Amino acid sequence: MKPLLKHSARTLLALLIGLGLLACSEPEAVQQKLAPVAFHDSDECHVCGMIITDFPGPKGQALDKTAVKKFCSAAEMLGWWLQPENRIGAAKLYVHDMGRSEWLKPDDSHLIDASSAFYVVGLGESGLQGAMGAVLASFADEQAARKLAAIHGARVLRFEEIDQAVLQQAAATQHMGMH
């Protein structure tokens, strides 16, 4: 009887230790929905420090569970995102849908997932102004993006097609269009 009692006591002890360790473990991470937030008149661009609402055109933002980073343009946000050190987190990216917003003051209720947006690139001759650097117009709807691109002789790209070379070329085109 003693060996059976010893075995039962050991099993019970192991079970209690296991339950104690389980109770001390980190709680399962609750999946947090990272919804876009409004831009305010005092918001500064995460990259250049300029006041975001001083500029027309689509803005961008990157949200993770610790912070919101806001950008004075969709291009500025994409340039930041393309840096390897910024791609390690689980940031959710948003841009304005210019198919449903006015260029001079984009509507924050029309912020869309940047990774599913269509981008009009090459708007240098269009006269559409934005913050410094490249001006990209972001759209939820591909047809709306293609319509703007056709009017201005620009092209439409998907999120995954945009790299630093595209942004540099767009910035150069924008700069040439201003002169």
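Visitor: Which residue just after α3 takes a positive phi?
Guide: That is G153, with a phi of about 65°. Helices (H or I, at least four residues) and strands (E, at least two) are DSSP runs, numbered from the N terminus.

Visitor: What am I looking at, and how are residues numbered?
Guide: This is a predicted model, where local features need pLDDT of at least 70, side-chain atom pairs count only at pLDDT 80 or more, and totals for chains, interfaces and linings use all residues. Residues are numbered from 1 along each chain as its sequence is written, and side-chain values use heavy atoms, with hydrogens and water left out.

Visitor: Back to α3. Which of its residues are buried?
Guide: In α3, residues 142-152, they are A145, L148 and A149. Buried means under 20% relative accessible area, exposed over 50%, and partly exposed in between (1.4 Å probe, protein chains only).

Visitor: Why are they on the same side of α3?
Guide: They cover an arc of only 100° around the axis, so they share a side of α3. The arc is taken from the directions from the helix axis to the C-beta atoms.

Visitor: Which exposed residues are on the face turned away?
Guide: Q143, K147, A150 and I151.

Visitor: What do the buried ones pack against?
Guide: Three strands: β5 (118-121), β6 (137-139) and β7 (155-158). Contact here means heavy atoms within 4.5 Å. The helix α3 lies across these strands, running at about 5° to β5. Axes are lines fitted to C-alpha atoms, for helices over the stretch in contact, and angles run from 0 to 180 degrees between N-to-C directions.

Visitor: In what order do those strands sit in the sheet?
Guide: The order is β6-β5-β7, in an open sheet with antiparallel pairing. The edge strands are β6 and β7, each pairing on one side only. The twist averages 30° from one strand to the next. Two strands pair if DSSP finds at least two bridges between them.

Visitor: How many bridges join β5 to β6?
Guide: Three. V120 stands opposite A137 in β6.

Visitor: New topic. How many salt bridges are there?
Guide: Three. A salt bridge is a side-chain nitrogen of Lys or Arg within 4 Å of a carboxyl oxygen of Asp or Glu.

Visitor: What does K70 pair with?
Guide: D43, with the closest N and O atoms 2.6 Å apart. K70 lies in strand β2 (residues 68-71) and D43 in the loop between α1 (2-24) and β1 (60-63), so the pair ties together parts that are 27 residues apart in sequence.

Visitor: Are K70 and D43 buried or exposed?
Guide: K70 is buried, and so is D43.

Visitor: Which salt bridge does R146 form?
Guide: R146 pairs with E142, at 2.9 Å between the closest N and O atoms. Being four residues apart in α3, R146 and E142 are separated by about one helical turn. R146 is partly exposed at 39% relative accessibility, and E142 is partly exposed at 29%.

Visitor: Last one: which residues cover the two faces of β1?
Guide: G60 and A62 are on one side, Q61 and L63 on the other, and all are buried. In a regular strand the side chains alternate between the two faces of the sheet.

Visitor: Which residue is the bridge partner of L63 in β2?
Guide: V68. In all, β1 and β2 pair in the antiparallel sense over four bridges, forming a hairpin with four residues between them.
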